[in-house]
Amino acid sequence: MVDSDQLIYPTVDLFLYDLGEGLGESDPKIEQNRRNFFTRIYGEKLDTEILNKIKRVEEKAGDYLPLLSHLPGCVQPLKQGDGYYSPVKLGDTYGLQIDCSGEIEKDVKKRLSPKPLISLAESKTLIKNQLNSCEGTIGQSWFVWGLLTSPEQNSLETAQKCYQQINLFPDDNWERDLQQTGEFLGAHFYELWKPPSHQHQTCDSVHLIICLFDAQLNHSLSDVQEKIRRIYPQLMRLFYYRNKVIWSYWQSRQLKIELKEKYSTIQTTVNNLPQQVDQPRLNLNQLQKELADILKVLSIYSNQLSSLEQQESTIKTNLKNYQKRLNTIAELDFNSNPEATRKFLSFFSDYAEKKYLEETKSNLISFNSGFKLLENAIKTIEGIISIEQTKSDRNLNLTIGVVGTALAMSGVTASVLSAQPERPKSHGDFSFMASPAFFISSLPLLISVIILGLSRFFR
């Protein structure tokens, strides 16, 4: 009976992605992102000289820049085990491949010796231990490959045991996590994936590809290694687009939660507006305060809506790039069945387009209605305030006009009365207040008070 617990040259690769330049980030923040990323490789040995060399490489044109191959003496092997680091710059993102392979062991006849699958768990542990932080800020994908020990070895059974040994998924469940199977580079491939949940503060997606090559005379290790070496740069790009789509979708979910909270506030404000307008006497100061509060909500809501549009655009762009990269991989003449290669990992693009892209588009349409509600509420309140201010201005002008006229009439009356002979009055005599002259001079002011009172009563 063939042992399915062994592989020839079992290898583990981690493809990890960190954001290098976020939209609108300052130069100090970008420098910090660079330092954080390369600390994963150099640890305490990272210094300013190395960072400056890397920065000069990053300034070169191109959407795929290997960052260490340009720097003699700076390529880093793993701190432990057999493997290496391979960092690249992909637009605004850093990509890092960490390869960890078992030592080549041969028997007395110089044939490759199989290794137990537990070596996969050991390689994964080595990779995790050498990272500053295992999780990439954008995401990561794991790639496991090896050669079956004989033609009789069952690839499916061996793949299931690889899955168990590497132990990446919470509550291991092969049937639940397996998304796609097929042929790739002449190997049996198995794609396993746990989509991101919405309960975590970070994107908790898990992604694993297992490729097992048949044990055949024309399948030498050197041939397989050459195929894998040529496909690594393609996988670096493909997994980048994939993780960027998932990361953007997860970001859109967080924005949806925040927008829903703001939308609830908007609905409450809009629903209370008719009741406020129907008040017999409106408080102008209160209306102005509410307008200021709504304008603040509008600013936040508008920024969040703009971010959601950006995530939708990112998902759309990276899905297109993902599909293009799949076609590029299919065109590489690695096996006699390019159509089978073209189907390699095509499950994700179909799934993400139907779920992630369509869901984000739908959310944008829904939350745009909240933006329009806010705009209408603001226009309504501004209109009410304008009407109330016009009324206040009219009342003020009426008051000034009436009082001014009254004062003018009083002045004329006083002038006329002053021309009349003055009657002698004794000390302490206040009888002038009852005189016709005083009454006549005060009459215009009295009339103005009556006019103002009537104008406010019939307003």
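Two strands pair if DSSP finds at least two bridges between them. Helices (H or I, at least four residues) and strands (E, at least two) are DSSP runs, numbered from the N terminus. The model is predicted: local features need pLDDT of at least 70, side-chain atom pairs count only at pLDDT 80 or more, and totals for chains, interfaces and linings use all residues. Residues are numbered from 1 along each chain as its sequence is written, and side-chain values use heavy atoms, with hydrogens and water left out.

**View 1**
Strand 1 spans residues 6-19. Of its 14 residues, 12 are buried (buried means under 20% relative accessible area, exposed over 50%, partly exposed in between; 1.4 Å probe, protein chains only). Strand 1 pairs with strand 4 in the antiparallel sense, over 9 bridges. Its pairing with strand 6 (residues 139-147) is also antiparallel, over 8 bridges. Strand 5 (residues 115-116) runs antiparallel to strand 1 and is joined to it by 2 bridges.

**View 1**
Find Phe15. In strand 4, Phe15 stands opposite Gln97. Now move to Leu7. Its bridge partner in strand 5 is Lys115.

Helix 2 covers residues 48-58. Its buried residues are Ile50, Leu51, Ile54, Val57 and Glu58. Seen down the helix axis, these buried residues fall within an arc of 115 degrees, so they line one face of helix 2 (the arc is that of the directions from the helix axis to the C-beta atoms). An α-helix has 3.6 residues a turn, so residues three or four places apart point the same way. The face turned away from the buried side carries the exposed residues Glu49 and Arg56.

**View 2. The cover and the cap of helix 2.**
What covers the buried residues of helix 2? The cover includes helix 1 (27-42), strand 2 (65-66), strand 3 (82-90) and strand 4 (93-101); contact here means heavy atoms within 4.5 Å. At the N-terminal end of helix 2, the cap is Asp47. A side-chain oxygen of Asp47 lies 3.3 Å from the backbone nitrogen of Glu49.

**View 3. Glu58 and Lys89.**
A salt bridge is a side-chain nitrogen of Lys or Arg within 4 Å of a carboxyl oxygen of Asp or Glu. The structure holds 17 of them. One joins Glu58 to Lys89, with the closest N and O atoms 3.1 Å apart. Glu58 lies in helix 2 and Lys89 in strand 3, so the pair ties together parts that are 31 residues apart in sequence. Glu58 is buried, at 11% relative accessible area. Lys89 is buried too, at 4%. Both belong to a network of salt bridges that also links Glu21, Glu31, Arg34 and Lys55.

**View 4. Glu191 and Arg242.**
The side chains of Glu191 and Arg242 meet in a salt bridge, 3.4 Å from N to O. Glu191 lies in strand 8 (residues 187-194) and Arg242 in helix 6 (residues 221-277), so this pair ties together parts 51 residues apart in sequence. Are these residues buried or exposed? Glu191 is buried, with a relative accessible area of 0%. Arg242 is buried, with a relative accessible area of 0%.

**View 5. Arg176 and Asp177.**
Arg176 and Asp177 form a salt bridge through their side chains, 2.8 Å from N to O. Arg176 is partly exposed, with a relative accessible area of 41%. Asp177 counts as buried, at 2%.

Conventions:
A polar contact is a pair of N or O atoms within 3.5 Å; within protein, one must be able to donate a hydrogen and the other to accept it, and residues adjacent in sequence count only if both atoms are side-chain atoms.
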